[in-house]
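Try each one before reading its solution.

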Amino acid sequence: MPCQKEVASRLKAPESTPTFIAALYDYPLLTRDQEHHLFRKMNYLNFRADHLRKQMDRGNITVARLNQTDRFLEEALQIRNVLIQSNLRLVVSIAKKLVDDVNSFDDLVSDGVVPLVRSVEIFDFDRGTRFSTYATWAVRNALFRSTPRNRKIQGRFRTGLETVFDSAAEYRSSVQ
């Protein structure tokens, strides 16, 4: 993989950053060449595992082939996790901009991780775009859809509570 040492040495979390977000700075941002290399390797490993699975028919299953398939899939999963961890700061940066009294930071980050993971799984590096560009659009779209939904749910909850409190107050006044 293209060199990461120079990028990793420059990364430090700002001092006011909470601990759980500062941990994200342990994973360096990837360059275009690193992304390309990782996606190509992950796709190749998945292809090899799929090829071995197709070769194994009921009479042609061997322990060696099963083990090799598992190794390919495990290595592809490790690469997928590196891609996700290297881009989690992207989700955090988008979520920070959308925080309000109804949408908490933690909820927005959790809602943003799902499209990030999905983006890693379906991204086509051959189209020439950076993964971060693709993932930004996916995460923004998901969060822009979830924030109004959260406001609507919160509004219903408040309306329901007000109804309960009003009926409780009416009951107390009728009893007295």
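**Exercise 1.** Find which helix holds Gln 85, and decide whether Gln 85 is buried, partly exposed or exposed.

*Solution.* Start with the place: Gln 85 sits in helix H4 (helices are DSSP runs of H or I, at least four residues, numbered from the N terminus). Next, check the accessibility: the relative accessible area is 27%. Buried means under 20%, exposed over 50% and partly exposed in between, using a 1.4 Å probe and protein chains only. So Gln 85 is partly exposed.

By the way, this is a predicted model: local features need pLDDT of at least 70, side-chain atom pairs need pLDDT 80 or more, and totals for chains, interfaces and linings use all residues. Residues count from 1 along each chain as its sequence is written, and side-chain values use heavy atoms, leaving out hydrogens and water.

**Exercise 2.** Work out how far apart Gln 85 and Leu 116 are, in sequence and in space.

*Solution.* Along the sequence, they're 31 residues apart. In space, C-alpha to C-alpha, the gap is 9.9 Å.

**Exercise 3.** Describe the surroundings of Thr 69.

*Solution.* Then check burial: Thr 69 has 4% relative accessibility, so it counts as buried. Finally, list its contacts (heavy atoms within 4.5 Å): beyond neighbours within four places in sequence, they are Ala 49, Leu 52, Arg 53 and Met 56.

**Exercise 4.** Find how many residues of H5 are buried.

*Solution.* Go through the 11 residues of H5: 8 are buried, among them Leu 88, Val 91 and Leu 98.

Methods: Helix = DSSP H or I, 4+ residues; strand = E, 2+ residues; numbered from the N terminus.
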